[in-house]
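Subject: Structure handover

Hello,

Here is the structure I promised to pass on. Please open it beside this message, then read on for what turned up.

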Amino acid sequence: MELNKYIEHTLLKQDATREDLEKLLKEACEYSFLGVCVNPCNVKLAKQFLKETGYNEVKVVTVVGFPLAQTTTENKVLETVDAIKNGADEIDMVINIGALKSRNLKLVEDDIKAVVEASGRRLVKVIIETCLLT
């Protein structure tokens, strides 16, 4: 089994520099990781770097509603559309944990559904901060 094909190399630090991003991308290429997960502002740069180096099989993943998921559904949709426009292959959205804990499942479902619809055919993963659950 090739474990590297299941690894998503991640850099979501708010103070990440271009050098940090390039290091992450080079490592992902060197080890043939499944993908890289970067902040939305770095999607276009990551996609361009991978294209120029010929590592098109490394997916570019980004986050929406990160880190707190307390934006509106409309904002998450806009983030998704922008990420895709910039080259994102996959979307990782953060679940509205407050709505989930309040059992407002309609809001949670509508939020996820809207992002999935905005993503087209791209994979959407939902991040749940389990440490906030009881």
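How many salt bridges does the structure hold? The count is 10. Keep in mind that this is a predicted model. I start with the sheet, then move to the helices, then return to the charged pairs.

**The sheet**

Five strands make an open sheet. Their order is β1-β2-β3-β4-β5, and the pairing is parallel. The edges are β1 (8-11) and β5 (123-127). Each has a single partner strand, so one side of each is left without a neighbour in the sheet. From one strand to the next, the twist averages 25°.

Look at the pair β3 and β4. Strand β3 spans residues 59-64 and strand β4 spans residues 90-94. Four bridges join them in the parallel sense. Within this pair, V63 stands opposite D92 of β4.

**Helices on the sheet**

Helix α2 (residues 43-53) lies across β2 (35-38) and β3. Its direction runs at about 175° to β3. Helix α5 (residues 105-118) also packs on the sheet, where it touches β3, β4 and β5. The angle between α5 and β4 is about 165°.

**A closer look at α5**

Helix α5 has 14 residues. From first C-alpha to last it reaches 20 Å, close to the 20 Å expected at 1.5 Å a residue.

Which residues of α5 are buried? They are V108, D111, A114 and V115. These four cover an arc of only 135° around the axis, which puts them on the same side of α5. The cover over the buried residues includes β3, α3 (73-85), β4, α4 (97-101) and β5. On the other side of α5, L105, K106, E109 and E117 are exposed.

Just after α5 comes G120, with a positive phi of about 70°.

**Salt bridges within helices**

- R18 and E22 form a salt bridge, with the closest N and O atoms 3.0 Å apart. Both lie in helix α1 (residues 18-30), four residues apart, about one turn of the helix. E22 is partly exposed, at 24% relative accessibility.
- K106 and D110 meet through their side chains in a salt bridge of 3.1 Å, N to O. They are four residues apart in helix α5, which means a separation of about one helical turn. K106 is exposed because its relative accessibility is 55%. D110 is partly exposed, with a relative accessible area of 33%.

An α-helix has 3.6 residues a turn, so residues three or four places apart point the same way.

E90 forms a salt bridge with K59. The closest N and O atoms are 3.3 Å apart. E90 lies in strand β4 and K59 in strand β3, so the pair ties together parts that are 31 residues apart in sequence.

Is E90 buried or exposed? It counts as buried, because its relative accessibility is 4% and the cut-off for buried is under 20%. K59 counts as partly exposed, at 32%.

E90 and K59 also belong to a network. Salt bridges that share partners join E8, K59, E90, D92 and K125. D92 is the residue that V63 stands opposite.

Best regards

Notes:
Residues numbered from 1 in each chain as written. Predicted model: local features only at pLDDT ≥ 70, side-chain atom pairs only at ≥ 80, totals over all residues. Heavy atoms only, no water. Pairing = 2+ DSSP bridges. Helix = DSSP H or I, 4+ residues; strand = E, 2+ residues; numbered from the N terminus. Axes fitted to C-alpha atoms, helices over the stretch in contact; angles between N-to-C directions. Contact = heavy atoms within 4.5 Å. Expected span 1.5 Å × (residues − 1). Buried < 20%, exposed > 50% of the residue type's maximum accessible area, 1.4 Å probe, protein only. Arc of directions from axis to C-beta. Salt bridge = Lys/Arg side-chain N within 4 Å of Asp/Glu carboxyl O.
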